[in-house]
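The following account leads the reader through a complex of protein chains, moving from the interfaces between chains to individual residues. Please keep the sequence and the model in view while reading.

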Amino acid sequence: MSVVTTSFPNTAPGWQLPSRGKVAMAGLIIAESAIFTIFVVAYLFYLGKSLTGPAPREVLETPIFYTICLLSSSLTIHFAAKFLARGIKFAFLGFWLLTIALGGLFLYGTAQEWHRLIYEHGLTISTNLFGTTYYSLVGLHGFHVTAGLVMLLTVAVLGLCGHIGIKQSGHIEALSMYWHFVDAVWVVVFTVVYVLGR
Amino acid sequence: MSSNAITIPGNQIQSRPWVDELHQWVTTVDHKRLGILYILSALLFLTIGGVEALVIRIQLMHSHNNFVSPEVFNSMFTMHGTTMIFFVAMPVLFGFANYLVPLMIGARDMAFPRLNAFSFWLSFLGGLLLYFSFLGGSGLYGAGSAPDVGWWSYAPLGARAFSPGHSSDYWTLSLLVSGFGSIGTAINIIATIVSLRCPGMKISRMPLLVWMNLVMAGMVLIAITPLSAAQIMLLIDRYLGGHFFDTQAGGSAVLWMHFFWIFGHPEVYVLIIPCFAFMSEIIPVFSRKPIFGYPVMVAATVCIAFVSMSVWAHHMFTIGMNSYANSFFTLTTMAVGVPTGIKIFNWIGTMWGGRIQFKTPMLFSIGFLFQFLVAGLTGIMMAASPFDWQLSLSYFVVAHFHYVIVGGILFALFAAFYYWYPKMTGRMLSERLGKWHFWLFLIGFHLTFDVMHIPGVLGMPRRIYTYEPGRGWDTLNLIISIGAFIQAIAILVFVANLIISYFKGAKAGNDPWDAWTLEWSTSSPPPAYNFATVPTVSSRRPLWDLKHPEDPDSRYE
Amino acid sequence: MSLLRMKSSTLRFFAQTILLLFWSAVAGWGSEPSGSSSHGTNIFAPASTPAKSIADLSVFVLVVTGIIFVVVVALLVYSVVKFRGRAIDASREPAQVYGSTQIELAWTIIPILIVVVLFLATARVIHAIQDAPEPTSAVQVTAVGHQYWWEFRYPKLGIVTANELHIPVTEPGHPTPTFLQLLSADTDHSFWVPELAGKTDLIPNHPNRMWMDPQHTGVFLGQCAQYCGTQHAKMLLRVSVDTREDFAAWVRAQQRPAVQDAGAIAGRRVFEDNACMNCHAVAGTPADGRFGPDLTHLMSRATIAAGAATNTHNNLRLWIQDPSAIKPGSLMPAMKLSDADLDAVVSYMETLR
């Protein structure tokens, strides 16, 4: 049994490691990507396999406007984060709120589409394989948008109360990584559901 | 040997009322305490899962036995498998990772201590939820109670139509909940290792345990999530009328199998890689040599992580895939044996030319090497898919995977317990009881699992609550059951050792094994802040450098 | 003291190796006959081409893995014995060797070569079994898995039966393999008769195909191998491999409609008045249910309830009275017949030869 010194010679000045918040968010994004991949695989696998009921091309309408909303919100959140990193709080808050509005619009668009599908075409999650896979995939994405909006709103409230400054820039960047992820998933979902699937 | 020796006092907390102490434990965010909580909860579920195994073995002692009803038996093997994988193996390995990783990288805690606590409690409560099924699972017709669909819950057996009541829901929800806990811990481990290493600890200087837990955590992110996705789909089927796995509506039972095994196969590597980590720390110390081929050990582990994502359908060789698919998965499964087998050679290479000390951790490690070799070889046998068309779904497979999990994982865990218990508690485990534990368990293990290969070869399928006489299975099953009881006794010896040594064990000091990684540079147990000053390192074995300033590792790396 | 311990480690390894060899030998020595059948369930006693190809491949794989085992264990035992630490060198550390590129390269390349060889040997057998063409002389059977019994249909011969499969032995000059199409009516099952072929699953909405060409007559045993629910354990298989003449006779007997025995009118009435005919079929009568086994030639079978009981008067009576007495969890309900009705129905069943 030896008693060892705890003093180590300093041989590594200027030791810099990546931010743990960003690493964690990257990990979360990887995990979530895996979940979405499985839902996308199920969607693709079941294309054309429904035994009954409405088919995608009969009922789907491409949501171009709402897609533009969501994808632009990636741009606005990018600017918001950049402004915060430079300490320009007013611009940060402006672009941040714009992001929330665009995200909210997208969710509204999804709700509208679902309303039409359910009440005009009778397509529900239990109608057929298309219904099950469509509502699951788009719904999972919508759930992530909602969760993201909740976080964005929280930051908005804190920002309006003056608690968000340059020091929180790292957290904001991590959060905007999440938002970009949600948008990237939408690009995939859009392609699979509205382009390939019809 | 050392000049400025500072002894860091261990326990600086004065004794307090037990309610306070309990509250401290329940609300802790300290990685060391959470690590111990993970380990204790795993030991609890190990006992329960072990009892379930004994019930199975009593029922199977001879043909046409009726110790338990078919329904109870089917719940027993389902709960046994689910408990052992999700509530014993994963938590205990997360527990050791939690405890050791920050210490080994010279950090003060994990990157996200509160997420750490949250993940643990999710995990633990998931286990409680699963067991609540015994009380709450009954649905219509009293059909329910604990899940009885096998730990894979194959479709359409897990659907509402074939699993009425709520038993399957308990299976699904408890795993979904604890799955999120696992993902949280994995994210935490990755962020900790990437962002909190002490100065000088480049990625190429991390201890192998840290490397392997990094790889394991990465695999958890992409392996557990397919299961979570499939379980969400199953819940949609069961509760919202979905048709993901509804074969009557055109759904596919095979799709569930693919999703499950895309999780299931990497999962077993998630379980074994931390055990490789233990071996890679323990064998060098008790051979008195550094690990043979550190870079290749890292490369092989990363290689295993990638290749293991491509082998999953070797669990599905009998489901009627075409010959090209079967050939592909045969090839990848055999291929993954190469980086895995290499490690065995590296460990033997570490022992070669060393001065081996046969303390209890090393005994278990040697057992691991032998048993993991056998398990790998029976795996290669089943990789040959035509051979698997006979061996699959039989007791040969059961023998194989228990060889890996008990003979490999559990033996490595026992080694880890005996090695790090002194660090965690400040006391040495009794060597005498340790040797009793080892020999009893070894005998019981081999009696059970060596013999178990034979009924498989003689045509005995798995998951049967009884079997026909005259097939040649009776005596073999009796021997297997006897071995199970011997193992149970050995576990009791182990638990006794854990408890007795906590109060009466010899004081350990900082570094009872004369080891080389950073956790041995602080007291046993470490203070809440781990290190008085954050260490700086310049090689893979910082304490070797300090103890042997004339021949530091930094000269050779 | 440590010397003794070390020695026992070595002894232990040798003992384990010997044990392993012993058990493999035991496994390879065929199995005991069971009841009235002449064959067991040993994968190393193959009686049909697929099972033989598998057994031959298996021996090759066992030899290769056996050699690997012996070599690695020898290295392990040697290192444990040769490099054990003695008390006297407690303070001296051995030479700190970090690795060796040549050695590591060697023990990477050799396993890769072994994998290539094993894979090629295996791929041949995969294709030989799975892609075997179906000759015109093949007997075609459709097997449908149910919870917890087997339905067998011979579409070209117009036969429907349950649980006990009859197929002809194949003769060298005139091969008559049996090709099975595998379907499922509910959950997943697996058809496993070890001495005739590897197992193939029966999965709903996913038809599968397998074949066997038994080269010996006799009864071959097996059972369902994919957990399918409560009574998975009692979903047994009996495959009767008959000579060509016997098989032809069996086919003719099965093709006939049900025996119309005047003495069983009362029982037949009970059968048709109760819900029996909703689940069961008896060819040539109004009974046309498909949920349960076809009973037209029930008495030609050696067992009932998919092998859970022998086909005797008492077992038949007990089964109809209360299936859960023989097979709890079976999907056949207890019909709650009066004793008189029960005896009548059993008599009727016993006329269905």
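Two residues are taken to be in contact when heavy atoms lie within 4.5 Å. The model is predicted. On that basis, 106 residues of chain B and 94 residues of chain C take part in the contact between these two chains. Two pairs of chains touch, and the pair formed by chains B and C has the most contacts. Chains A and C, by contrast, are joined by no contact, their closest C-alpha atoms lying 12 Å apart.

The size of an interface is often expressed as the accessible area that is lost when the parts come together. For chain B and chain C this buried area is about 8700 Å², with 68% of it on carbon and sulfur atoms. Within chain B, the residues that lose the most area to chain C are B:Arg355, B:Trp389 and B:Gln390, which together account for 9% of what that side buries. Two salt bridges are counted between chain B and chain C. One salt bridge pairs C:Lys234 with B:Glu468, whose closest N and O atoms are 3.5 Å apart. Helix 9 of chain B, residues 323-351, gives the most to the side that touches chain C, with 15 residues. By class, that side of chain B comprises 62 nonpolar, 30 polar and 14 charged residues.

The area buried between chain A and chain B is about 4100 Å², and carbon and sulfur atoms give 74% of it. No salt bridges are found across this interface, while nine residue pairs are in polar contact, both at pLDDT 80 or more.

Beyond its neighbours within four places in sequence, A:Glu32 is in contact with A:His144 and A:Phe181.

Chain C contains eight helices and twelve strands. Of its 353 residues, 53% are buried. Among contacts in chain C with a separation of 6 or more, 64% link residues 24 or more positions apart.

Some details of the backbone remain to be considered. Most residues other than glycine have a negative phi, and most peptide bonds are trans. In chain B, a cis peptide bond with omega of about -5° joins B:Ala155 and B:Pro156; B:Pro156 lies in the loop between helix 4 and helix 5 of chain B. In chain C, the peptide bond from C:Gln147 to C:Tyr148 is cis, with omega near 0°, and C:Tyr148 is found in the loop between strand 1 and strand 2. C:Asn205, in the loop between strand 7 and strand 8 of chain C, has a positive phi of about 65°. C:Asn205 counts as partly exposed because its relative accessibility is 48%. C:Lys336, in the loop between helix 7 and helix 8 of chain C, has a positive phi near 55°. With 73% relative accessibility, C:Lys336 counts as exposed.

Terms used. Residues are numbered from 1 along each chain as its sequence is written. Chains are lettered from A and ligands numbered from 1 in the order in which they are written. This is a predicted model: local features need pLDDT of at least 70, side-chain atom pairs count only at pLDDT 80 or more; totals for chains, interfaces and linings use all residues. Side-chain values use heavy atoms; hydrogens and water are left out. Buried area is the accessible area (1.4 Å probe) that two parts lose on being put together, summed over both. A salt bridge is a side-chain nitrogen of Lys or Arg within 4 Å of a carboxyl oxygen of Asp or Glu. A polar contact is a pair of N or O atoms within 3.5 Å; within protein, one must be able to donate a hydrogen and the other to accept it, and residues adjacent in sequence count only if both atoms are side-chain atoms. Helices (H or I, at least four residues) and strands (E, at least two) are DSSP runs, numbered from the N terminus. Ala, Val, Leu, Ile, Met, Phe, Trp, Tyr, Cys and Pro count as nonpolar, Asp, Glu, Lys and Arg as charged, and the others, Gly among them, as polar. Buried means under 20% relative accessible area, exposed over 50%, partly exposed in between (1.4 Å probe, protein chains only).
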